[in-house]
Amino acid sequence: MTASEMNITHNSESAATTQRHIVLIPGFMCDASLWQDVLGGLQQLGTVSFADLNQGSDIDAMAERIIASLPHSCVLIGFSLGGYVARRIAAKAPQRVSHLVLLNTSARATSAEEIARNQQQIKMLKVFPYKGQTITALKRALHPARSDNALLLQHLQTMSLTLGADIFMQQLSIVRQDGHADCAQIFCPVLVVASREDQMRRLQEAEDIVAALPDPTFRIIDDCGHMSPLEQPEILLEYLRDFLIRTS
């Protein structure tokens with residue numbers, strides 16, 4: 001590559017960064033602090049804004065609410081439950097999504113067993129005060145080697161307590177429909193990131209999404225549980241940066 005070609009490449013990427021809007025959608029009982037360890041790197045790639053899942057009785061309602069506030073075109077990044085919503089947004093409003101990133105998520109429907117378990121938790125909350133998620137649930141979100149990491153556990157619990165009982169019940173009430181058919185209708189570049197040791201989303205679930213997409217890039221993070229933005233932020237940023245530069 002000549003010096004002039006290198007300068008053109010640098011200028012093109014600088015222009016793309018200036019124009020790029022990145023919208024972040026968190027997961028179940030997560031707030032904007034989920035992104036704290038990747039935020040600085042993302043801000044070097046574009047203008048970053050935060051969406052939330054604090055309203056809406058189903059995935060479609062959440063998607064419509066976020067679509068109403070999206071920029072004209074954006075890079076949409078959804079984590080876990082946010083991945084369900086981001087995928088639905090890309091299918092419903094493809095002109096608003098230039099790139100889609102799905103982190104530690106799935107397209108499978110909620111099972112009958114999960115619905116029953118969630119309804120039981122909601123019933124219990126009508127009797128007992130909300131004290132955040134159980135320590136068992138929090139530990140399951142992390143790589144087994146980090147399941148006793150006090151800082152990570154405290155961060156997860158703080159997000160749960162900050163959002164509170166009403167949002168916990170609202171998000172727990174959501175019944176997710178199978179979304180693999182949506183994937184076939186998403187034609188923008190898509191990055192799917194899974195974690196090798198995710199105890200909440202099987203690797204096969206990510207592979208099923210990849211198989212259904214027309215134009216996927218698939219990356220797996222080793223030594224990582226479900227909470228990739230908090231457990232392996234540097235590797236995640238590397239994958240995001242490479243994907244955006246390569247496909248812009």
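These exercises walk through the pockets, the cavity and the aromatic rings of the structure above.

The model is predicted, so local features need pLDDT of at least 70 and side-chain atom pairs count only at pLDDT 80 or more, while totals for chains, interfaces and linings use all residues. Residues are numbered from 1 along each chain as its sequence is written, and side-chain values use heavy atoms, with hydrogens and water left out.

**Exercise 1. Describe the largest pocket: its volume, its lining and the helices that supply it.**

Step 1. Start with the terms. On a 1 Å grid over the protein atoms alone, a pocket is an open set of points with protein on both sides within 12 Å along at least five of seven lines, a cavity is a set where a 1.4 Å probe fits but cannot get out, and lining residues have an atom within 4 Å of a point. Points are joined across faces, edges and corners, and a volume is the space filled by probe spheres set on them.

Step 2. The largest pocket holds about 1,200 Å³. Its lining has 43 residues, with Phe-28, Gln-121, Gln-133, Ala-137 and Leu-172 nearest the centre.

Step 3. Helices H5 (112-125), H6 (135-140) and H7 (150-172) each give at least two lining residues. Helices (H or I, at least four residues) and strands (E, at least two) are DSSP runs, numbered from the N terminus.

Step 4. By class, the lining has 21 nonpolar, 13 polar and nine charged residues. Here Ala, Val, Leu, Ile, Met, Phe, Trp, Tyr, Cys and Pro count as nonpolar, Asp, Glu, Lys and Arg as charged, and the others, Gly among them, as polar.

**Exercise 2. Which residues lie nearest the centre of the second largest pocket, and which element gives the largest share of its lining?**

Step 1. This pocket has about 200 Å³ of space. Of its 13 lining residues, Ile-59, Asp-60, Arg-88, Gln-177 and Asp-178 lie nearest the centre.

Step 2. H4 contributes the largest share, three residues. The classes are four nonpolar, two polar and seven charged.

**Exercise 3. Work out how Phe-28, Tyr-130 and Phe-168 are linked.**

Step 1. The whole structure has two aromatic pairs. Rings of Phe, Tyr and Trp (its six-membered ring) pair if their centres lie within 6.5 Å; planes under 30 degrees apart are stacked, over 60 edge-to-face and the rest tilted.

Step 2. Phe-28 and Phe-168 have ring centres 5.7 Å apart and planes at 55°, so they form a tilted pair. This pair joins parts of the chain 140 residues apart, with Phe-168 in helix H7.

Step 3. Phe-28 is partly exposed at 22% relative accessible area, whereas Phe-168 is buried at 6%. Buried means under 20%, exposed over 50% and partly exposed in between (1.4 Å probe, protein chains only).

Step 4. Tyr-130 and Phe-168 are also a tilted pair, 5.2 Å centre to centre with 35° between the planes.

**Exercise 4. Is His-226 buried or exposed, and which residues does it touch?**

Step 1. His-226 sits in the loop between strand S6 (216-221) and helix H10 (228-231). At 3% relative accessibility, His-226 is buried.

Step 2. Contact means heavy atoms within 4.5 Å. Leaving out residues up to four places away in sequence, His-226 touches Phe-79, Ser-80, Asn-104, Ala-141, Asp-198, Met-200, Arg-201 and Glu-231.

Step 3. Now look at the largest cavity, with about 40 Å³ of space. Its lining includes Asn-104, Asp-198 and Arg-201, which are also among the contacts of His-226.
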